[in-house]
Amino acid sequence: MNNPLHDRLTGWIDAHFDEQVAFLQEVVRIPTDTPPGNNAPHAEAIAGMLESAGWPVERHAVPAQQVRDHGLESITNLIVRRRYGGDGPTLALNAHGDVVPPGEGWTRPPYGAVIDDGYLYGRAAAVSKSDFATYVFATRALEAMDVALSGAVELHFTYDEEVGGLLGPGWLLEQGLTRPDYVIAAGFGHGIVTAHNACLQLEVTVHGRAGHGAMPETAVDALQAATQVLNAIYGELPALKKIRSAVAGIGSPTMIVGRIDGGTNTNVVPGKVVLRMDRRMIPEEDPALVEAQVRALIENAVRGLPGIRLEIRRLLLSQALRPLPGVAPLVERLQRHGRAVMGEEIPAHGTPLYADARLYGEHGIPAVLYGAGPRTVEESNAKKADERLLLEDLRRATKVVALTLLDFLGPRP
């Protein structure tokens, strides 16, 4: 059935799409590599862009010591509140601006925001600076309809998702700065994500005693001991593969060692080795129990080795996102409008990744992940060289989000 208001809304997005793409290019061109995590300048630039369009922007700077304690340099989170009166709900739209460093292998400048053959290339073009543009222009389209609106939209632009989100949405929620009724957080791809994994990250420091490489018997080799830890961790993988989540799209728990540092020179027995590991937990697992099991696994691996001492430090323990009862209306509307815009069914599923959305869920706020993105994360090269976004995906996602906002906040039929 034709709906003239829907046609006007999607038509506004088409008419302003070049402006939206130019906005996204500016968002991508400002580096926010984390580490080092000096992200306040990006927030200030975004605030200026929005204020030039007439939107008041709240800047919420996280105290410097808290930021340093998380290994970062600066964080200013932004809230834009668009209040429409009445007793309608408040919908928050959250995207994060911090990104992993570009790394090597790019064929286009990682902060160039180059457009080629319908794709925009750049670090975070897909995850998740794209949804700065999705959410800003969906809200602008809604307001351009000049119809009675009831409720509010809040834009939450935050800057520490790559290290857990506790100083982003977590900090805004703990400070009592926001309490929306629903949340749409930045998406990873085509579907609507209603659940995601939990994540445990540990730093394991193996202490031995350095010594001359020509006389290794005078030393205690920390790397040999660290090898025992590595063998124990990777020896668990077959057992983890046998554990399966009941949530579609998630699969099994995983465990990797993502970084190893140690030693002082080629001819010196290493006196210290530092491992950083990542254990993803399916929603059915208990994070506290898993952490205890992983710590015991590591400790047992070097138990009894003479001269070896361990330090285990938690870097991150994030909870899983689990669907709350109130999330169904949000999913239904996103799916209905996704079907209309894309001409196909839009699945609702889980993802093995983890994201900021869980922090809203921990406060009892129904949250899903949805935004601009391809069928799979792999297609976008997210967090790899030549990350890219198909611009038509940006257009379509903006229409779906705008129509969903209209359903919640617009005039009742």
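A: In this predicted model, Arg 333 lies over the face of Phe 408, at 4.6 Å from the ring centre.

Strand E5, which spans residues 119–121, pairs with E17 in the antiparallel sense over three bridges, and Tyr 121 stands opposite Arg 388 in E17. The sheet is open and has three strands in the order E4-E5-E17, with antiparallel pairing. Strand E4 (114–116) and strand E17 (388–390) each have a single partner strand, so they stand at the edges and one side of each is left without a neighbour in the sheet. From one strand to the next, the twist averages 25 degrees. In general terms, the strands of a sheet pair through backbone hydrogen bonds, in either a parallel or an antiparallel manner.

A helix accompanies this sheet. Helix H2 (residues 17–29) packs on the sheet and touches E4, E5 and E17. The direction of helix H2 makes about 20 degrees with that of E5.

The aromatic pairs may now be considered. The structure holds five of them. In one, the rings of Trp 12 and Phe 137 have planes at 40 degrees and centres 6.4 Å apart, so the pair is tilted. This pair links distant parts of the chain, as Trp 12 belongs to helix H1 (residues 4–15) and Phe 137 to helix H5 (residues 130–144), 125 residues apart. Trp 12 has a relative accessible area of 14%, which means that this residue is buried. Phe 137 is likewise buried, because its relative accessible area is 3%. Together with Phe 23, Trp 12 and Phe 137 form one aromatic cluster.

Another aromatic pair returns the account to Tyr 121. Tyr 119 and Tyr 121 form a tilted pair, with 6.4 Å from centre to centre and 50 degrees between the planes. Is each of these two tyrosines buried or partly exposed? Tyr 119 has a relative accessible area of 22% and is therefore partly exposed. Tyr 121 has a relative accessible area of 6%, so this residue is buried.

How values were computed: Residues are numbered from 1 along each chain as its sequence is written. This is a predicted model: local features need pLDDT of at least 70, side-chain atom pairs count only at pLDDT 80 or more; totals for chains, interfaces and linings use all residues. Side-chain values use heavy atoms; hydrogens and water are left out. Two strands pair if DSSP finds at least two bridges between them. Helices (H or I, at least four residues) and strands (E, at least two) are DSSP runs, numbered from the N terminus. Axes are lines fitted to C-alpha atoms, for helices over the stretch in contact, and angles run from 0 to 180 degrees between N-to-C directions. Contact means heavy atoms within 4.5 Å. Rings of Phe, Tyr and Trp (its six-membered ring) pair if their centres lie within 6.5 Å; planes under 30 degrees apart count as stacked, over 60 as edge-to-face and the rest as tilted. Buried means under 20% relative accessible area, exposed over 50%, partly exposed in between (1.4 Å probe, protein chains only). A charge sits over a ring if NZ of Lys or CZ of Arg is within 6 Å of the ring centre and within 35 degrees of the ring normal.
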